Amino acid sequence: MAPKTKSKILGQVKTLTSKIKWHIHKFKTSCSQANVGDALKSPLFTTSVEKRNVQWYLMLYPRGRTQDNRDFLSIYLYSTMYKGQFEVTATLNILNNRTQVVVDCYLEGSELGEAVWGNHKLISTEFITDPQNSMLNDGDLVIICELLILPQYEVATFLSRIQVLEMFENLLNDSKFSDVSLVLEGKTIRAHKCILAKNSSVFAAMFDAESNERKEIVLEIHDSTYSILMEMIRFIYTGKVNGIENMIEDLAIAANKYALHRLMIICEQTMIKCLSIHNVIHSLLFADKLEMKELKAMAIEFIIASGSNAIDQENFRTLPMDVVLEVCSAAKTTTCGTVKTMDAKFEWQIPDFYTLCSQSKVGDVIKSPNFATTVGFRDVEWYLRLFPGGERQELQDFIALYLCNTKTVSMGKIVAKSNFMIRNSEAQVVVNHSMTESVFDSKTSWGIDQVIPKNFILDPANQLLTNGSLTIICEIIPMPRYLVKELKQNKEVHEQQPTLASRLELLDIYGSLIDDNIFSDVALISESRSVRAHKCILARSSSVFATMIDNEINKGKKEIILEVNDIRYKALLEMIRFIYTGKVNGIETMIEDLAIAAKKFALHTLLIICEQVMIKIMSIHNVVSFLLVADKVKMKELKAMAIEFVTMSGSNVIDQPSFKTLPSKIIFKICSNLANKYK
């Protein structure tokens, strides 16, 4: 709901796919007459969100919404639906009178608790109205708003996986259904064999040696401290560590002992991040001891770059001779450049491009001069390769462009984000290709085989050549190398949250616990088939499972067998998969059974996902069946959408025999809607 302020609708809105363009006529006049709190309201524009048309509008306050913002433009985006029903990312641009982007702003959710996104201090009002800044065209202002709307199904699925991580964190040190105690310094950490053994081959071997029977195991730990062990176990359960920098070396030693490779990588990268002139010698010695190759290489390069400031330290003489020789050997071959910004832009001007392009054949390539960025403490050289006549015969009408690095660096591969831009003669960006993180070595390159049509570049009307020269901008943003593994396995998540991507890898491990006889302690029976699982996980995830398991334990049964005959085996297996991993395989093929199972076992997030999937795939062939399920399990949103769908579809649905099986109250509601529709 928009605030009650003095406002008027002004200008025109033009829809540009996911963008809208708001042209505000006579903005300068409106701005001069406005007071604090006066607003200009855009015409409504519509987007489609999961088969629903959602209307939006912008509210612009030329003199600020409040006194605190009176010297700035304030702008807000409103929707006609409640904010919680979908997730929106909104970006906003203000163009000058040469159509160049001057303001590029991400609209964050407002603290007002409404369905609104906004920016209180978008840009100085004085800057907008000053003629020297060329922001207004004959007094008019142009604003571009772009919406990225995430379907509720995708949002719910992503959140469900985070909730599973939280569930496993809550299992840590929970005495109920725990079956292993780790004892040190007179304190006890309660844990679960199934989780420890799946993450650590060392723990698995210890449990096998201790006992093959399903009884509680007590392990006494003598070579660590309680705080270190607690954080190591926390990492096993959740993929995160609290206060890692305060215990980094002890944690790395523990990770090495228990074969926790992912934790070793995180410790190594943290130590690289914390390298300084005060700790580099000690870090080199530590890296050599634990065979941390990347930390060792970075420490050596740091020492070489620091020169006598590092080598003249007393503890440099404590290094083993073979390590000293490695430093000396690297010093002969390493060239240390000046420190450069991590975010590097390179401008490549190609003279007489028209002639070059017209004379080039398919496969002919030109190469840019080398340019450098800094990755860690190393200078890495790059170059661009451009194919004016196309890279391959079938692409001869397009320019191809690739980014390469000159050699494989000593640490191996490089991870980087890259952007390509081509400007016209007025310095406006005409081509803008952005790629997410890519992994580079000397054998790979990143690029696009169809950057832009060749004829478009050569056409004088498009003004892409300045005095015959073409200008290409390349931006490189190097990333920490420890993200290489995450990029391969969790690219789609990494683009939103790199740290979370690493943690979500754990869920693949937990998924392999399903139907694993080792350390499982409960069997679920459906259609004469069983699914092996674990009391601790089921009870923590579902209050219904917790009650069922407690009832079986109270009967004195050692082996818990739960018969679930009212749910089909495939739906049961995928429900258990959801409990362990937060995801479901082939959800559309069993959506109704899965929704009923989610309702029975009080899995609220799974029920939301089922509801959103059913809304997404609704058709005249399944809408009646979906209505029955929605009514049975109380899916209010699905029920409302299905009734609306039937109303719009008319006889295509009503004439189906299954329509008569609907409850009378639903049929009456549809009839009422139809009567109102044809009034």
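A residue is counted as buried when its relative accessible area is under 20%, as exposed when that area is over 50%, and as partly exposed in between, with a 1.4 Å probe and protein chains only. The structure is a predicted model, in which local features need pLDDT of at least 70 and side-chain atom pairs count only at pLDDT 80 or more, whereas totals for chains, interfaces and linings use all residues. Residues are numbered from 1 along each chain as its sequence is written, and side-chain values use heavy atoms, with hydrogens and water left out.

The protein contains 26 helices and 26 strands, taken as DSSP runs numbered from the N terminus (helices, H or I, at least four residues; strands, E, at least two). Of its 679 residues, 50% are buried. The accessible surface amounts to about 33,100 Å², and carbon and sulfur atoms supply 50% of this area, as computed by the Shrake-Rupley method with a 1.4 Å probe. Among contacts (heavy atoms within 4.5 Å) with a separation of 6 or more, 64% join residues 24 or more positions apart.

Helix α22 comprises residues 604-616. Its 13 residues should span 18 Å at 1.5 Å a residue, and the end C-alpha atoms are 19 Å apart, in agreement with that value; the expected span is 1.5 Å times one less than the number of residues. Because 10 of the 13 residues are buried, α22 is largely enclosed by the rest of the structure. The buried set consists of Thr605, Leu606, Leu607, Ile609, Cys610, Glu611, Gln612, Val613, Met614 and Ile615.

The axis of α22 comes within 9 Å of that of helix α24 (residues 636-649), and the two cross at roughly 15°. The two helices are therefore roughly parallel, a term applied to angles under 35 degrees. Axes are lines fitted to C-alpha atoms, for helices over the stretch in contact, with angles from 0 to 180 degrees between N-to-C directions. The crossing of α22 and α24 is left-handed, that is, the near helix is turned anticlockwise from the far one by less than a right angle. Glu611, Gln612, Met614 and Ile615 of α22 make the contact with Lys636, Glu637, Leu638 and Met641 of α24.

Most residues other than glycine have a negative phi. Glu185, in the loop between β12 (180-184) and β13 (187-191), has a positive phi near 55°. Gln463 also has a positive phi, near 55°, and is located in the loop between α14 (454-458) and β23 (470-479). With a relative accessible area of 37%, Gln463 is partly exposed.

Terms used: Angles under 35 degrees count as roughly parallel, over 145 as roughly antiparallel, 65 to 115 as roughly perpendicular and the rest as oblique.
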